Amino acid sequence: MATRGDGEGGARSDVPTPAAGGEPLQLIAHNEGTWTIGEKALEVLKRIKAPIAVVAVCGRARTGKSYILNKLLGAAGAAGFEVASSYRPCTKGLWMWSQPLRRTALDGSNYYLVLLDTEGIDAYNQTTQDGVSLFSLAVLLSSLFVFNQMGGIDEAALDRLALVTELTRRIRVHGSPVAGSGGGAAEAPAAAEVEKTEKKKGKGKGSEASPNGGAGTGAGGSGGGAAGSALLEEVSALSEFTPSFMWLLRDFYYDLEGEHGVKQSPRDYLETALMPTAGSGPAVEAKNMIRESIKSLFKERECVTLVRPVSDEEALRNLDKLPEEELRPEFVEGVSKLTAAIFARAQPKRLGTQLLSGPLLAGLAQAYVKAINTGAVPTIHTAWHSVAEGECRAACYAAEDAYRAAFDPNTPADEQLLEKEHQRALAAATTAFQERAVGDPGLQRRWQQRFVAACSLAFEAVRERRLAVAAEALERQLGELAGQLHTEARLGGQDFSRLAASVEAGVAGVVAATVGAARWPRLLAFTHQQYGGLGAEMWERAAAKAEAERQRAALEARAQVAEAQRQVAMLQADLADAKRRADEATAAAAAATAAAAAAKANGSAVRTNGGGGGAGRRAAAYVDSDDEHDPKSRGCFGFGC
């Protein structure tokens with residue numbers, strides 16, 4: 001388990017001492033050959049959505065790295081990162097402060113500064129493999145890498161930075177191997193094999209790099225020829241992703257004078273120290289290779305010096321507890337300038353053109369640790385692709401959530417309005433995606449197409465459901481209107497103009513109660529249907545009425561004909577009766593005439609005979625009696641016809 005000591009070299013605790021406003025959290029731990037990520041530290045990083053700058057202070061154990069970080073925090077006394085005075089290491093792995101410092105860039109944008117405290121790269125219980133891995137992780141994760149060292153820059157100090165050349169074996173930009181580097185990402189040796197190899201090269205457990213070419217052999221043989229060129233090419237490619245470099249020289253007592261007594265700046269001093277040395281042979285080439293590697297790997301580099309804070313050794317062991325009044329003024333001023341320089345140089349970390357946020361840095365840390373644990377070489381592009389893939393996936397889900405939150409479920413069921421709302425929500429989703437998505441355009445485009453397809457599919461389901469409900473409501477209202485119109489038509493007493501007015505009024509009511517352009521074709525069809533149906537119904541009713549009238553007139557005509565026929569029959573009967581009676585009267589008259597004639601003849605005979613007077617008078621009287629009942633007789637005889 002990782003341990004951290006107290007400020008007096010006494011008891012140590014596995015739990016760091018909390019400070020006001022935050023506490024140190026272990027970001028990366030190493031235990032029995034396995035590197036792990038601290039979950040609490042990871043959660044802190046994931047909450048930082050803004051750009052993030054990372055300052056990592058690295059160097060040998062017990063050289064005051066934590067003290068500088070605490071000055072950046074503004075912590076005093078025992079607060080902040082713990083400072084050890086014993087030979088035992090105070091820091092194991094990588095530790096970060098739980099409260100990132102909010103900073104403002106020159107353009108006014110905000111970013112957050114995370115401070116990393118690293119285990120000493122040559123701690124007594126640390127293997128060279130562990131030191132290189134720790135150094136690699138600090139370089140990969142930081143935007144400003146502060147190399148803390150006691151004293152000036154000499155060959156021993158350069159040898160300690162031979163880890164820079166080891167980075168090309170422990171970090172790759174791409175998966176392709178470097179000539180003479182011992183294999184590619186797929187061929188990286190396991191930790192035990194690496195340590196075994198390093199022991200054979202004279203770099204035993206806990207030792208520093210050998211000044212006699214040990215670093216050079218670890219960096220590709222003699223460091224010259226094709227292997228050296230390939231190494232420098234890989235270092236140069238790696239420099240696109242490395243942080244700014246600050247070489248902090250503690251307890252510095254040299255007088256910075258160049259040739260001819262010209263005063264040098266610390267930066268000039270650094271550049272002079274990195275100039276190749278004259279001579280030949282493997283040892284010189286190895287030394288010069290380290291110098292070239294440092295210059296190639298760290299394009300932006302600076303040097304800062306600090307004088308010894310106090311002269312008393314006891315006070316030096318309790319430096320973190322001393323008030324500023326007891327420190328040398330030159331040291332206090334130097335620390336003030338140092339913190340200002342660190343704040344100025346600690347800019348948001350970039351990977352290529354991509355500004356990193358907390359979640360991205362957390363993803364990279366996980367990817368690098370996973371690669372180291374599997375015995376592979378951490379490949380920046382591979383790790384970045386993995387992180388970008390995860391971030392694009394999360395951005396895709398965030399975009400879908402943003403779409404659902406932005407889409408108004410009360411949008412009227414209109415094709416155009418729904419499509420407009422879909423595009424508005426899709427724009428909000430795209431914004432949410434672009435705020436989080438990272439990686440190359442092809443990767444982002446693929447995930448963007450995915451969330452657009454998901455949102456479009458969801459929209460189609462909503463649109464169809466809303467339009468189906470609206471269509472059902474429209475049909476229900478049209479059905480009610482149709483029933484009302486046909487009821488009015490069946491009641492009668494309605495001419496077509498009044499029914500047409502009812503149709504128009506009913507359709508206007510439906511229009512006011514519904515929305516959507518899709519209703520207009522249906523309303524047009526309904527109107528045509530109703531006009532046709534009502535017109536046909538009115539025509540049928542008029543035709544039925546006309547037919548009934550025709551049938552009634554026919555019946556009346558038949559009745560009139562029958563009555564006329566009856567009257568004719570009666571007239572014919574009367575005429576026949578009159579004729580009969582006339583015939584009878586004629587016959588009677590003829591008979592009477594005959595009788596009269598006979599009577600007359602008889603009278604004449606009576607008169608002649610003298611005895612027929614009485615019979616003749618009776619016959620005449622009888623004839624007179626019949627004439628009273630016969631009009632014709634009266635007419636003929638009464639009026640002298």
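Modeller: Start with T411. Leaving aside neighbours within four places in sequence, T411 is in contact with L417, L418, E421 and R466; contact means heavy atoms within 4.5 Å. T411 sits in the loop between α14 (380–406) and α15 (415–436). Helices (H or I, at least four residues) and strands (E, at least two) are DSSP runs, numbered from the N terminus. T411 is buried, at a relative accessible area of 6%. Buried means under 20% relative accessible area, exposed over 50%, partly exposed in between (1.4 Å probe, protein chains only).

This is a predicted model: local features need pLDDT of at least 70, side-chain atom pairs count only at pLDDT 80 or more, and totals for chains, interfaces and linings use all residues. Residues are numbered from 1 along each chain as its sequence is written, and side-chain values use heavy atoms, with hydrogens and water left out.

Now another loop. L306 lies between β11 (301–305) and α11 (313–317). L306 is buried, with a relative accessible area of 1%. Not counting residues up to four places away in sequence, L306 touches I68, L248, L249, R250, D251, F252, F331, G334, V335 and L338. V332 is 26 residues from L306 in sequence, and their C-alpha atoms are 9.0 Å apart in space.

Last, a helix pair. Helix α1 (residues 39–46) packs with helix α13 (residues 358–373) at an angle of about 145°, their axes 6 Å apart. From α1 come L42, L45 and K46; from α13 come G358, P359, L361, A362 and Q366.

Technical notes. Axes are lines fitted to C-alpha atoms, for helices over the stretch in contact, and angles run from 0 to 180 degrees between N-to-C directions.
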